[in-house]
Amino acid sequence: MSSLMSFVPSWHIWVLSIAAFLVPFLLSKIFARVHDFIKSGGNFKTASAPSPSSSSVERMPFSGDYAADIRSVLHVIGENSDLVIRKFPMSKLDAQGTLFYMDGMQQQRELNMRILEFFMFELTRDMLSIPFNGNGLLPFYTLKEATDAIEFSRLVLFGHAGVIVEGVPCGLLIQNPNTSNRAIVEPLSEALLRGPRLGFTEVLSENTSMLRRQGFSEQLEMRSYRIGNTLPKDVVIAYFKDIVNADLLKEVEARVSNIDIDFLADSGYIEQLIEDNYLSPFQQLQNTERPDRVINGLLEGRVAILQDGSPFALIAPATFSMLLQSPEDYYERWIPSSLLRMLRFFAAFLSLLAPSIYISFISFHPGLIPTELVLSIIETRQGVPFPSLIEVLILELAIEILREAGIRLPKPIGPAMGIVGGIIVGDAAVQAGIVSPILVIVVAVTAISSFSMPSYSAGITLRLLRFFGMIFAAILGMFGTILFFLLLCSHLSRLKSFGVSYLTPVSPYRLQDWKDLFIRAPISLMKKRPAMMKTRQERRQT
């Protein structure tokens with residue numbers, strides 16, 4: 001009996017274990033209540049930016065007086081140094097006109113050679129018949145009519161070319177965008193050895209056209225929204241109408257339309273404003289630069305969100321397994337793809353728990369280490385003045401600082417700085433007796449494992465949680481490491497992304513979806529779409 005009792009932890013270990021469990025539990029309850037209170041309080045109410053056609057917006061209709069209409073436009077636009085105003089005569093009308101456009105947002109050659117030439121030398125009185133109808137007036141451009149000076153001025157500021165013609169009781173808006181955009185290149189954050197080389201750009205129209213060019217289907221639908229109170233931006237929701245679940249689509253549309261913010265600098269703003277639980281460290285929408293990944297997500301019944309000015313599209317809902325899957329898994333044969341995917345899951349485990357396990361073994365459970373290895377570790381730790389937690393924190397923080405510095409430095413010297421700095425810091429720390437050589441190996445393996453994550457955001461999350469795991473291990477040893485892992489699993493099992501459990505298909509258990517979890521089954525066997533999505537069309541192969 002006494003030998004059995006020796007394996008039972010003492011009373012203070014039990015007290016610490018209970019406290020370590022209750023404190024995070026109580027904090028999670030408090031944060032959940034605060035989150036529910038804020039959400040119910042309606043901080044994210046109002047939909048998109050107000051439309052000029054709304055009754056709540058002041059109107060300033062064109063009067064038909066040429067000089068007065070120009071004054072009204074200049075009054076609304078205000079003092080903008082990049083506003084270009086060009087007056088021109090129209091020979092066939094014996095009248096004059098004024099062109100408005102923003103410098104840098106128009107192709108001046110196109111304006112001079114086609115639009116101005118048409119107005120100056122080809123426009124006739126018959127084309128300006130009453131009632132005026134501008135449709136077809138410029139067959140090579142999209143032409144709109146604006147009867148209000150505020151609407152006219154707003155669209156000029158947004159990039160249209162505006163023309164006011166003497167004798168015409170409205171303004172003409174010509175959509176002639178500047179096409180000097182960034183070239184379509186391979187995504188930097190999701191490079192593949194095999195697969196398409198296309199990546200999204202900052203132009204929304206180009207991104208939607210990339211999705212269209214993935215295949216010809218009339219079922220692919222896109223709905224546009226304008227979000228932003230001060231600087232509105234266009235946001236598009238894409239989905240397959242014959243596949244997507246109606247409740248999921250309605251929920252995504254409701255959350256996007258209820259965003260209330262001045263300016264969306266990137267799709268990351270949308271991600272943070274519409275996620276289920278902003279207190280969770282895990283991302284609840286997947287971000288990607290790859291059109292092929294977006295299309296594959298839509299074919300599984302998911303919804304994509306694209307924003308003008310951002311090369312990153314969002315896919316909702318997201319699950320934990322999606323963060324460890326790469327598009328290349330589906331372009332290679334299923335056996336090597338499955339092995340690489342299992343290797344990624346193992347690397348994620350090492351990235352999260354390797355330093356915690358090291359601290360647990362060294363500080364609390366050296367008897368679990370083989371004798372020859374533990375003697376070698378004790379020998380290498382001779383002269384190290386710090387406990388294992390401080391030792392690990394010093395090296396981990398040094399690696400994180402080097403990694404961040406390598407990202408911020410210019411590209412030619414960034415990778416070299418990371419590699420050389422890591423070697424120098426690690427070797428110098430060992431030579432100075434600050435850390436042990438075995439710890440350098442553990443931290444290096446941990447850092448390399450974190451680089452294997454296909455999603456950069458997922459790698460950041462694991463790097464953050466790694467430090468909490470080390471603190472648990474330093475307090476309770478292996479009991480703390482296991483407790484930390486159980487608390488993490490408990491949080492993930494409760495986390496949802498647009499109504500879908502984050503750990504699906506592990507919890508809740510769905511055997512059908514395990515064909516694309518730890519392994520990637522042959523494509524010929526994956527005949528059904530994920531059951532968790534509850535799609536309208538269950539089968540992807542007939």
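Keep in mind that the model is predicted.

Salt bridges first. The whole structure has 19 of them. Take Glu221 and Lys241, whose side chains meet at 3.4 Å, N to O. Glu221 sits in strand E6, while Lys241 is in the loop between strand E7 and helix H7, so the pair ties together parts 20 residues apart in sequence. Glu221 is partly exposed, at 26% relative accessible area. Lys241 is partly exposed too, at 33%.

Now helix H13, residues 388-408. Glu400 and Arg403 both lie there, three residues apart, about one turn of the helix. They form a salt bridge, with the closest N and O atoms 3.1 Å apart. Both residues are buried. They also belong to a network of salt bridges with Glu396, Arg463 and Arg466.

Val23, Leu27, Ile30, Phe31, Val34, Tyr278 and Leu279 make a nonpolar patch of about 610 Å². Val34 is in helix H2, residues 11-41. Its relative accessibility is 39%, so Val34 counts as partly exposed.

Next, the annotation. An unreviewed UniProt entry places "transmembrane region" at residues 12-32, 343-364, 414-447 and 467-488. Look at two of these. Residues 343-364 are 95% helix, and their end C-alpha atoms lie 29 Å apart. Residues 467-488 are also 95% helix, but there the end C-alpha atoms lie 13 Å apart.

The largest cavity holds about 40 Å³. Its lining includes Phe282, Phe320, Met453 and Thr461.

Technical notes: Residues are numbered from 1 along each chain as its sequence is written. This is a predicted model: local features need pLDDT of at least 70, side-chain atom pairs count only at pLDDT 80 or more; totals for chains, interfaces and linings use all residues. Side-chain values use heavy atoms; hydrogens and water are left out. Patches are made of residues with over 30% relative accessible area and no salt bridge: like charges are joined within 9 Å, nonpolar side chains (Val, Leu, Ile, Met, Phe, Trp, Tyr) within 5 Å. Accessible areas come from the Shrake-Rupley method with a 1.4 Å probe; for residues, only the protein chains shown count as cover. A salt bridge is a side-chain nitrogen of Lys or Arg within 4 Å of a carboxyl oxygen of Asp or Glu. Helices (H or I, at least four residues) and strands (E, at least two) are DSSP runs, numbered from the N terminus. Buried means under 20% relative accessible area, exposed over 50%, partly exposed in between (1.4 Å probe, protein chains only). UniProt positions are given in the numbering used here, feature names are shortened, and annotations may be inferred rather than shown by experiment. On a 1 Å grid over the protein atoms alone, a cavity is a set of points where a 1.4 Å probe fits but cannot get out, and a pocket is an open set with protein on both sides within 12 Å along at least five of seven lines; lining residues have an atom within 4 Å of a point. Grid points are joined across faces, edges and corners, and a volume is the space filled by probe spheres set on the points.
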